[in-house]
Amino acid sequence: MTTQASMALMPIVSVINNHVTALSTDVAKYFGKNHFHVVRDIEKLIEKLPTCRASIFGASEVQIASNLKNAPAKLIKAYRMTRDGFTLLVMGWTGEKALQFKLAWLDAFNRMEEQLRKQQSFAEQDSTLISNEQQNSCPVWKQELQFCLPSTQETLPYSALHLPAAKRF
């Protein structure tokens with residue numbers, strides 16, 4: 001269960017076109033960074049990203065109140081980012097909150113790896129219970145088993161990591 005106090009410490013995310021996204025202004029506020037520097041870091045990443053990954057950052061504008069009394073609000077450049085964009089951005093940062101995020105990411109990856117190993121172990125045990133005759137009479141079963149179970153030697157694609165769905169990072 002998430003407490004109100006811990007939720008206040010997390011950047012706000014929104015669902016836009018069925019994708020969970022975070023706004024660069026919220027990310028900057030959460031990590032205690034100047035928004036100008038966050039935009040700079042995002043733009044450096046965008047320059048280096050392959051075209052097929054460009055959609056993880058979407059240019060946007062945000063209206064912010066002026067610090068001056070009776071002055072109108074102004075529009076500033078911002079970016080809306082997916083979980084992959086957020087992860088790429090934060091993995092390049094240092095500081096206590098960035099470290100906490102990286103450690104949580106590693107914990108989630110390790111849990112996923114352990115689940116895959118358990119699934120593989122159970123499948124290997126199940127396959128020993130089936131006779132050779134049964135295995136040979138059902139080659140589709142063997143193909144499905146091999147497809148579903150990555151070897152522990154295999155490198156998992158980044159998209160294989162499914163962090164728990166949440167309303168906040």
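A residue is called buried when its relative accessible area is under 20%, and exposed when that value is over 50%. The model under discussion is predicted. At 5% relative accessibility, W93 therefore counts as buried. F31 has a relative accessibility of 13%, so this residue is buried as well.

The ring pairs may be taken next. A pair of aromatic rings is described by the distance of the centres and the angle of the planes. Rings are counted as a pair if their centres lie within 6.5 Å, and planes over 60 degrees apart are classed as edge-to-face. The count by this rule is 5 aromatic pairs. In one of them, the ring centres of Y30 and F31 are 4.8 Å apart and the planes meet at 90°, so the arrangement is edge-to-face. Y30 and F31 are both buried. In another, F31 and W93 have ring centres separated by 5.3 Å and planes at 70°, so this pair is also edge-to-face. Because F31 belongs to helix α2 (residues 24–31) and W93 to the loop between α4 (83–91) and α5 (96–129), the contact ties together parts that are 62 residues apart in sequence.

A single aromatic cluster is formed by Y30, F31, F86, W93 and F101.

Technical notes. Residues are numbered from 1 along each chain as its sequence is written. This is a predicted model: local features need pLDDT of at least 70, side-chain atom pairs count only at pLDDT 80 or more; totals for chains, interfaces and linings use all residues. Side-chain values use heavy atoms; hydrogens and water are left out. Rings of Phe, Tyr and Trp (its six-membered ring) pair if their centres lie within 6.5 Å; planes under 30 degrees apart count as stacked, over 60 as edge-to-face and the rest as tilted. Buried means under 20% relative accessible area, exposed over 50%, partly exposed in between (1.4 Å probe, protein chains only). Helices (H or I, at least four residues) and strands (E, at least two) are DSSP runs, numbered from the N terminus.
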